[in-house]
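Dear colleague,

I am handing over the structure below, followed by notes on what was found in it.

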Amino acid sequence: MQEFLQQVVSGLASGGIFASLALALVLIYNAMGLVNFAQGEMAMFATFIAFVLIAHGMSYWIAFPVTLVLAFAGGIAVQRIVIRPVEHAPVLTLVIVTLGLATLFNGAAGFLFGYVPRSFPSPFSVQTVNILGAYASYQDLGVIAVSGVVLFAIYLLLQHTTIGLTMRAAAHHPEASRLLGVHVSWMLALGWGLASAVGAVSGIMAAPALLLQPDMMQTVIIYAFAAAVLGGIESPLGAVVGGLIVGVTVNFAGAYLPFVGGDLQLAVALAIIVAVLVVKPNGLFGRPAVRRV
Amino acid sequence: MPALLEVEDVRAGYGGTSVLHGVSLSVPEGAIVSLLGANGAGKTTTLRAITAGVRWTGDIRFQGRSLRRMSTEDVVRLGVAHVPEGRGILTELTVDENLRLGAHLRHDADVRKDYDEVFAYFPVLRERRGLSASTLSGGEQQMLAIARALLMRPRLMLLDEPSLGLAPMVVRSIFEIIRTINQARGVAVLLVEQNATLALEMSSAAFVLEVGRVAVHGDSSELKGNESVRRSYLGY
């Protein structure tokens, strides 16, 4: 029972990281009808920015919000400069453009910061605390808390503010929204900024355990895809729930299924993607895709 | 004094196909004007040109100001509420969220009062506030679309076939409310309608489009007596 609880806590910690990146994927999916394959690399790049800020003596809790603001601005810039010109292009073009962006961010990070894995500071100690007989690390609890706060803030923004309302309107019905005076193009840019900032949170939270290097997010993004697909690719709530489920499931599989161990955890995520697509293609919270003919 | 809306020799189309071949019409301040014509005559395209939903040449002026090169958002923000074909309801959102989108640009103190007024016209919307807009019937969605347009506090409402697909009784009550709004608020209305009898009854003036041009125009009462209009659009 004790070990079970410990596995749940560390599963939720990974889950928080997956949920943040999955939410980033969903925000952009809603804004342009396509996942952003560069989401993980953008998060990695933002994490390098946080690394540089901290290395130059900025305290962690100042560098963290500063990085989010920079990531937000960067996301908007990417949408305005790279995505907007090809907004109305066929889907395949957009796929290639975001894949190109991924390569670009990966290469730029390698060029600027090198490929040597670097240890990234964590503000939480690796000490453990006893909760109900189970031992949880402050590191895991801290990741859960930070992800929780960020995800809740996004929820409040989307569901309980006028700007969030206009963002949702612009994503779902651009034409009708324009007729209500919503600046649709800017709302989509805002979606990119927000996604980039949430993605940065997942990168910064993942870095202490994974070590920072340009390929750091390439497995995390697979888990995030699994989470987003499981939740229903259009649903922000689904992304969060999906992230937590994937985190806990993968952790359990690693701990309790001897043949999975640490090596096949990624395969579990891929199995989740395939299973969801076969059994329930709209995910847990997705609406069935209805096409009028 | 110039009219509230002036459309002058407007040509527009989709891709290579031109739909409007020089449409001119005007809507005076506070008036209800109807725009009639057969399917494909260019009624919807005329409305879409006004709110920049389609590229056009010629000139369109609102309150004396040219709308040339303005985006849809900019035209709407000047005080033009366009209830499009199909009503433009955001079905992913709730009834209340749809209404809030109507009022989202306003910061004046009268918003609350306007909500009350809207709910007085359409009590059913108050009952359904928290529900998804997709659960509303066609008539209720039309009411929501008009209510939402009203919350924008427009000077001019463009209504594209508000009667489409609705039961005659529902159409009656919606048209009565449109008339009430027009009289109480002084909101001008440009009404596109298939149901010419009803439209001519409501409006003070009317324009009849035929293949992208204004074929006949004049006072609604006159047009009702016009032989060719009667035969083509009134059906008796």
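This is a predicted model: local features need pLDDT of at least 70, side-chain atom pairs count only at pLDDT 80 or more; totals for chains, interfaces and linings use all residues.

The one with four strands has the order 2-1-4-5, with antiparallel pairing. Its edges are strand 2 (17–27) and strand 5 (65–66) of chain B, each of which has a single partner strand, so that one side of each is left without a neighbour in the sheet. Strand 4 (residues 56–62) of chain B pairs with strand 5 of chain B in the antiparallel sense over two bridges, and Phe62(B) has Arg65(B), in strand 5 of chain B, as its bridge partner. Helix 1 (residues 43–50) of chain B packs on this sheet, where it touches strand 1 (5–14), strand 2 and strand 4 of chain B, and its direction makes about 70° with that of strand 2 of chain B.

The other sheet of chain B has six strands in the order 6-7-8-3-9-10, again open, and its pairing is mixed. Strand 6 (80–83) and strand 10 (213–219) of chain B are the edge strands, each pairing on one side only, and the twist from one strand to the next averages 15°. Within this sheet, strand 3 (residues 32–37) and strand 8 (residues 188–192) of chain B pair in the parallel sense over four bridges, and the bridge partner of Ser34(B) in strand 8 of chain B is Leu191(B). Helix 1 of chain B packs on this sheet as well, touching strand 3, strand 6, strand 7 (156–160), strand 8 and strand 9 (205–210) of chain B, with a direction that makes about 145° with that of strand 7 of chain B.

Turning to chain A, there are eleven helices and two strands, which follow the pattern α-α-α-α-β-β-α-α-α-α-α-α-α along the sequence. The radius of gyration of chain A is 19 Å, which agrees with the value near 19 Å that a compact globule of 293 residues would have, and the C-alpha atoms of chain A fill a box of roughly 60 × 50 × 35 Å along the principal axes. Buried residues account for 48% of the 293 residues in chain A. Of the contacts in chain A between residues at least 6 apart in sequence, 73% join residues at least 24 apart.

The two strands of chain A, strand 1 (residues 128–131) and strand 2 (residues 134–137), run antiparallel and are joined by four bridges, one of which pairs Ile131(A) with Ala134(A). They form a hairpin with two residues between the strands, and Leu132(A) in the turn has a positive phi of about 50°.

The largest nonpolar core has 171 residues, of which Ala22(A), Leu23(A), Ala224(A) and Ala227(A) touch the most other members. Helix 8 (residues 184–210) of chain A gives the largest share of this core, with 16 residues. Leaving aside residues up to four places away in sequence, Ala227(A) touches Phe18(A), Ala19(A), Ala22(A), Ala239(A), Gly242(A), Gly243(A) and Val246(A).

Where the two chains meet, 14 residues of chain A are in contact with 17 residues of chain B. Helix 6 (162–172) and helix 7 (174–178) of chain A each supply at least two residues of the side of chain A that touches chain B, and helix 6 of chain A gives the most to that side, with six residues.

Leu211(A), in the loop between helix 8 and helix 9 (217–231) of chain A, has a positive phi of about 70° although it is not a glycine. Leu211(A) is partly exposed, with 13 other C-beta atoms within 10 Å. Val211(B), in the loop between strand 9 and strand 10 of chain B, is likewise a residue other than glycine with a positive phi, near 30°, and Val211(B) counts as partly exposed, with 13 C-beta neighbours inside 10 Å.

With best regards

Notes
Residues are numbered from 1 along each chain as its sequence is written. Chains are lettered from A and ligands numbered from 1 in the order in which they are written. A nonpolar core is a set of buried Ala, Val, Leu, Ile, Met, Phe, Trp, Tyr and Cys residues joined through C-beta atoms within 7 Å. A residue is buried if 20 or more other C-beta atoms lie within 10 Å of its own, exposed if 12 or fewer, and partly exposed in between; C-beta atoms are placed from the backbone. Two residues are in contact if their C-beta atoms, placed from the backbone, lie within 7 Å. The radius of gyration is taken over C-alpha atoms; the globule rule is 2.2 Å times the number of residues to the power 0.38. Two strands pair if DSSP finds at least two bridges between them. Axes are lines fitted to C-alpha atoms, for helices over the stretch in contact, and angles run from 0 to 180 degrees between N-to-C directions.
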